[in-house]
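Welcome! Here is a short tour for anyone meeting this protein for the first time.

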Amino acid sequence: MQWSLLRPVGLVPAVLVLTTIAAGAEGGKSAGPAESLLILQIVLLIVVGRGLGEIMQRIGQPSVIGELLAGILLGPSLLGWLWPEAQHAIFPKTPEQKAMIDGIAQFGILLLLLLTGMETDLKLVRKVGKAAIAISIAGIVVPFACGFLLGEFLPDALLPNPQQRLVASLFMGTALSISSVKIVAVVVREMNFMRRDVGQIIVATAVIDDTIGWIIIAVIFSLASHNTLDIGSVAKAVLGTLVFLAVSFTIGRRLVFQLIRWANDTLVSTAPVITVILLLMGTMALITHLIGVHTVLGAFVAGILVGESPILTRQIDERLRGLISSFFMPVFFGLAGLAADLSVLRDPNLLMLTGLLVVIASVGKFGGAFVGGTLGGLNTRESLALASGMNARGSTEVIIATIGLSIGVLSQNLFTMIVTMAIVTTMAMPPMLRAALARLPMNKEEKERLEREEFEKRGFVANLERPLLAVDESVNATFAAHVAGLIAGMRGLPITVLHVGKRATEQEGGRDGEESHEAVVKRAAETVSASSDSGTGNVDVVTRARRAELSEAIADEARKGFDLLIVGVDKVAATKDRFDRKIEDIAAKFEGPLAIVAAKGKHLKQPMPEGLNILVPISGSGVSKRGAEVAVALTQAGSGSLRVIYVATTRDKGAQRGASRGLSQETGILKDASDLAARYDVDITTTLRVNRAPEAAILREIDTTDADLVVMGVDRIQGKHLSFGGVADTVLRQSKVSVLLVSSGEARQTSTEKA
């Protein structure tokens, strides 16, 4: 284990020697900026930063600490002290060479704030908003006052411009009051406390702290730019910031979603969504710059809006996180460490001031957060956990200190002191928070909520992001649109409606085809309206007409990241054991979960009913649970009833042996279904049928109850033709009421039937 921990560090000397030789050779060739030296600097920062970050993570510390330490080790604090020639050769202080890597680091700041914004959960902030706001205010006011007073008493020698002491004092207050959302969230998540009540309050408070902090930094930036307390410029910055935030979280939210959807669905180039996000980040950063505040606020808000987009959030996060974590973060934090010269702490006065800064920052933030937690209704243990978590400065502190150094508010020595404080408080936070959280008991209400959320995490419906609805001009299409609208309406999921009827060019004069498409659009709009009444009221519908062959059109749509395809066409079944050719063509080109709708009975006359009386057969299998989830979601979205019937998945009468044990198992499966319904406040009726073949039991239940829709979770069975097994096939053909088959994504090789 020890060798595995030290292995990354063992590469450092070799890389360092090679880098020094190459840097010296490059320096001898040219006095101007060198691209190869830039590459060498980046390689060294990544190797040392990621290596030390790995070690930090293994001992329970955030990786950002290792990246900061890498810069300190490679900077004047250690390498410059032990081997100054090498340090100057690798990181020369020529403005041209320094500007090259600084440009990468500055862009890295924007990307880091973009990622932080994407991790910000506004729903969480709203949920615990009142308590978090009260805690955040107290947690900012106390340390801000301490930092401001400290700035007022700092020696003139520590200030780059003693005439601007007010600006420096405001900056010190901000630096001491803000917390690092990233570090706090990482530790809370590692301890599985992210969804605990106190964990939500900690993260929400850190988010509010960050937001307020960036607004204060914007004001300070304006003050520093005008060299005086210009009320007009400050008012412009504050008003501009408020307007920017108001527009961003209203019009901007929808605009960002539409741009992401448009890029994903329209552009054929590589990673178009990432390109659009980077452009959004740059544009919003420039807007904040134009209104007189720092560009990081624009990047942070852009990240929040991207994270709020209801589609592709997981894919976007995964693609961006790797690049930012592996490249930009080591470079930025490494450069921040390079700028901190800890050798100045050999001065007893500076060392004492740094220790005083750490104490004031910790006591001020810990005390303010503890008082805020008490005033916000938390008990003593919860307040201690909150105060421990809020004391971490981490990456946010370093970013703020870097900004202060770049705009001339902080001196080099003061910058070093603040970075040291950030490292000390961040390293102290994880063990303190772990100890505080470990002592917190869980109340009954919180336990029930966590169990529900854990269930939803593994569920099917709760993880849907984007359904695709394929319909033609039939009555069944209208009923399928109604079903899709109910599912999407509960969570405000965006729906794409694809018209899979005949193309306009395939009908007389092309006009009938266009009219049919318009009819589909109208029905989809009506469905969205109905869903909005019972759901979130925020369902976005996009419609498309088929312009190519059916299989090609489905394949084109499947590449856009849909996680459920709902099919509603005129003819579902063909021969005795085959689906219609259109259904088979659609299913062949879509590998994800599939829902096939077959309207029957009264739904042929009333395809948009006021309520659904649903029957769902279950057997304890994974696919039957998926069917039960969909049935519960449909019942919750509209009015009606839900009946659950347990059916055996085998006709082997020998399976009835051990009746008491079997009955216990079957009762347990029905209880699981009841618990599922109870989680969503849905009333159900349960029935046990073990002495009949599954299809016979289902058809019998249809005949003897008022059910008008059967929802079945089925397996897609591998073969030449689309098949869900004999039970599903029999029910689909012989049922007198509508049927909804919800299949798994991948085809099974076995032909075992499941209800």
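The notes below go from the overall picture to a few details.

This is a predicted model, in which local features need pLDDT of at least 70, side-chain atom pairs count only at pLDDT 80 or more, and totals for chains, interfaces and linings use all residues. Residues are numbered from 1 along each chain as its sequence is written, and side-chain values use heavy atoms, leaving out hydrogens and water.

**Overall picture**
- The protein has 28 helices and ten strands (DSSP runs, H or I of at least four residues for helices and E of at least two for strands, numbered from the N terminus).
- Of its 755 residues, 55% count as buried (under 20% relative accessible area, with a 1.4 Å probe and protein chains only).

**Helix H28**
- In helix H28, residues 726-734, the buried residues are Val-727, Ala-728, Val-731 and Leu-732.
- These residues lie on the same side of H28 because they cover an arc of only 125° around the axis (taken from the directions from the helix axis to the C-beta atoms).

**Aromatic rings**
- There are four aromatic pairs (rings of Phe, Tyr and Trp, the last by its six-membered ring, with centres within 6.5 Å; planes under 30 degrees apart are stacked, over 60 edge-to-face, the rest tilted).
- Phe-332 and Phe-333 form an edge-to-face pair, with ring centres 4.9 Å apart and planes at 70°.
- Phe-332 is buried at 3% relative accessibility, and Phe-333 is buried at 0%.
- One aromatic cluster is formed by Phe-107, Phe-327 and Phe-328.

Technical notes:
Buried < 20%, exposed > 50% of the residue type's maximum accessible area, 1.4 Å probe, protein only.
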